Amino acid sequence: MTDKPSPRLLLKLDPLVAALRYLTIFLVAFALFGLILWLAGKDPLQAIRDTFSSTLGTGYGLSEVVVKMIPLLFTAVAVALPSRVGLINVGGEGQLYMGAWLAAWAALTFSALPPWALLPLMAAMGMVGGALWAFIPAFLRARGLVNETITTLLMNYVAPSIVTFFIYGPWRSPLNALYPQTIDFVPAARLPAFFGTRVHLGLLLALLFLLLYWLVIKYTRWGLEMRAIGGNPQAARRNGLPLTTYVVAVLCIGGALAGLAGMSEVSGIHGRLRPGFSPGFGYMGFLISWLSGGGPLGILIMSFLTAVISTGGDILQIKQGLPFAVVNILLAISLFVILARPSLLTKGKQA
Amino acid sequence: MSVLSILGVISSAIFSGASLLYATLGEILDERAGVVDLGLEGVMLVSAATGFGVTVRTGNPYLGVLAAMLAGGLMNLLFAYLVVTRRANQLASGLALMFFGFGMSALIGRPYVGSRINGLPRYSLPGLSDLPPLISSQFRFDLLIYLALPTAILIGWLLFRTRWGLGLRAVGENPNAAFAAGRDPRWIRYQALFLGGALAGLGAAHLSIAWTMTWGEYMTAGRGFIAVALVIFSKWHPLRAVAGALLFGGAVAFQLLLQASGIPISPFLLDTIPYVLTLLVLIAWGGTRKHAAPASLGRVYLGAEQ
């Protein structure tokens with residue numbers, strides 16, 4: 001667990017080389033993905049063509065890609081921030097659900113409030129929900145009891161059950177007997193959307209937090225201290241850095257961001273809380289953070305590419321009868337390629 | 001509540017615990033060789049789908065079990081290539097393997113959703129055949145359940161009583177020293193991961209072929225992670241893993257018992273019991289775990305030349 005928590009920071013190289021490397025990674029990943037589809041008896045070229053034409057080919061497709069990017073940006077930063085101090089937060093999915101849960105509670109309880117009060121309240125509750133869910137593994141890790149990787153993973157299986165319990169129980173809408181869900185949120189609880197698309201205010205919020213993340217890790221004392229802790233915890237402790245505080249703080253802030261992803265989904269997209277509303281945004285955020293090495297620009301690029309793949313996955317599901325989970329194969333192969341660091345991608349010898 | 005329903009609950013606890021025991025044993029082998037495999041969940045999913053598919057195709061559940069084992073072993077070989085040969089970070093590679101398993105199992109299992117199979121044949125416990133048929137019918141188990149405990153003993157024997165096990169544990173404690181003593185850490189880790197994957201595959205096969213006799217996406221529902229947690233609980237010892245599996249089986253039984261008893265608790269909250277219990281067990285055992293963990297666990301073996 002003392003390994004460096006990230007693959008090489010690809011974007012540290014000059015931009016042209018970095019672009020070439022990303023391109024190579026994706027060419028290799030798509031080639032392997034195509035091979036698997038071909039073995040499964042599907043037409044790989046058609047699948048890949050469908051993926052791109054349905055997402056980048058039209059204005060609407062592109063707007064849907066941006067819609068998918070919003071929660072991914074949040075959940076990626078939710079993983080990247082703790083990774084600065086060497087923590088592995090795989091609990092984005094659970095934190096996202098708990099954030100959506102508390103945000104929905106606020107939306108249902110304070111529905112009489114005007115939007116300028118209700119939306120910030122929902123965002124705050126979303127952050128509280130995610131942060132509280134992350135506090136449990138953070139506390140256990142800070143006390144040296146249990147490693148955060150396994151606890152955050154296990155808690156991902158608990159959070160959706162709690163949400164489902166509320167949807168089937170106290171919050172169930174009496175209007176819709178067929179699909180269990182809460183009643184529709186009032187318009188004041190909906191994040192405004194732009195230009196007649198589904199792109200909503202959450203995008204600006206997500207970009208703002210990404211910018212904040214960049215400023216913090218690059219220009220503040222906190223960023224420097226986090227790098228010191230991530231590099232050598234023992235030395236950092238001897239130099240008097242408050243390790244425990246950092247462990248709890250970064251995990252809770254990460255959880256808060258994942259919770260915000262949940263809030264922006266229920267408020268901006270669904271307008272109600274329904275079971276299983278996330279197709280694994282939390283897990284995808286983890287992959288994005290790792291693929292990008294935790295760099296802000298990398299997170300932006302990888303979120304976009306992941307959103308393209310994920311949106312394309314919906315099309316593959318419809319056109320080729322492939323299960324949605326297949327997009328995980330493409331994401332996993334991309335990660336394999338980066339983790340394996342074939343010689344054409346690496347610069348010099350590294351351990 | 002009748003005696004019969006209680007017996008039924010115990011019976012399903014045994015079914016639930018058996019698949020977890022195999023997976024935990026597999027993870028113990030991996031970790032004893034110094035490799036954390038967080039991809040176990042993905043390995044189990046691919047094995048469950050493959051085993052089920054082969055059973056549907058051939059009509060022979062035992063062939064399905066073999067295919068599941070092979071699929072599990074191959075999945076872990078892919079993992080071994082990353083973490084042993086390419087020296088990638090084990091936790092990240094494991095999670096990448098998990099995602100790969102999510103997708104691959106969905107792709108493999110797609111044609112078999114809703115298919116019906118004849119699962120592994122079940123045999124009565126010897127000596128119970130005299131009981132009333134209604135009761136003895138609750139205690140008819142398949143071969144994999146009868147073999148679960150012997151497998152745990154066998155793995156314990158392999159690890160602690162054979163030269164091979166000594167080498168494997170040496171690699172897990174200190175690969176450089178093991179190399180100096182003439183072992184090949186990389187080759188040994190490959191072996192451990194293949195065997196561990198095959199064992200996890202066996203557990204997954206029991207889940208899809210013997211117990212539920214269905215395939216559904218994400219059907220393992222976190223069993224792979226619970227197995228990783230139970231390895232810590234069992235202090236990396238195969239026989240203590242039996243206790244861990246019984247505990248988990250007990251949690252499932254408790255959950256079913258509450259459901260059957262008609263106490264008005266939401267099934268969605270009951271679903272969380274195994275995970276919450278696993279978390280509590282981890283917390284209770286957390287303080288002492290460091291003494292038992294293989295010393296090189298999670299570290300990359302760089303090779304002797306460096």
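Trainee: Which residues of helix 10 of chain B are buried?
Mentor: They are Arg223(B), Gly224(B), Phe225(B), Ile226(B), Ala227(B), Val228(B), Ala229(B), Leu230(B), Val231(B), Ile232(B) and Phe233(B). A residue is buried if 20 or more other C-beta atoms lie within 10 Å of its own, exposed if 12 or fewer, and partly exposed in between, with C-beta atoms placed from the backbone. Helices (H or I, at least four residues) and strands (E, at least two) are DSSP runs, numbered from the N terminus.

Trainee: What should I know about the source and the numbering?
Mentor: This is a predicted model: local features need pLDDT of at least 70, side-chain atom pairs count only at pLDDT 80 or more, and totals for chains, interfaces and linings use all residues. Residues are numbered from 1 along each chain as its sequence is written, while chains are lettered from A and ligands numbered from 1 in the order in which they are written.

Trainee: Where does helix 6 of chain B bend?
Mentor: The bend is about 35° at Leu149(B), and a proline, Pro150(B), follows within four residues. The bend at a residue is the angle between axes fitted to the seven residues ending there and the seven starting there.

Trainee: What span should helix 6 have?
Mentor: Its 19 residues, 143–161 of chain B, should span 27 Å at 1.5 Å a residue, and the end C-alpha atoms are 26 Å apart, which agrees. The expected span is 1.5 Å times one less than the number of residues.

Trainee: What do the buried residues of helix 6 pack against?
Mentor: Those residues, among them Leu144(B), Ile145(B) and Ala148(B), pack against several elements of chain B, including helix 1 (3–32), strand 2 (140–142) and helix 9 (185–211). Two residues are in contact if their C-beta atoms, placed from the backbone, lie within 7 Å.

Trainee: What does chain B consist of as a whole?
Mentor: Chain B has 14 helices and 2 strands. Its radius of gyration is 19 Å, close to the 19 Å that the globule rule gives for 306 residues, so it is as compact as a globular protein of that length. The radius is taken over C-alpha atoms, and the rule is 2.2 Å times the number of residues to the power 0.38. Buried residues make up 53% of chain B.

Trainee: And how many helices and strands are in chain A?
Mentor: Chain A has 14 helices and 0 strands. Of its 351 residues, 52% count as buried.

Trainee: How many residues of chain A are in contact with chain B?
Mentor: There are 39, in contact with 40 residues of chain B. Helix 14 of chain A gives the most to its side, with 10 residues. By class, that side has 31 nonpolar, 6 polar and 2 charged residues. Ala, Val, Leu, Ile, Met, Phe, Trp, Tyr, Cys and Pro count as nonpolar, Asp, Glu, Lys and Arg as charged, and the others, Gly among them, as polar.

Trainee: What pLDDT does chain A average?
Mentor: The average is 83, and 92% of the residues score at least 70; pLDDT is the predictor's confidence in each residue, from 0 to 100. Over residues 1–11 of chain A the pLDDT is below 50, and over residues 343–351 of chain A it stays under 50. Where pLDDT is low, the predicted coordinates should not be read in detail.
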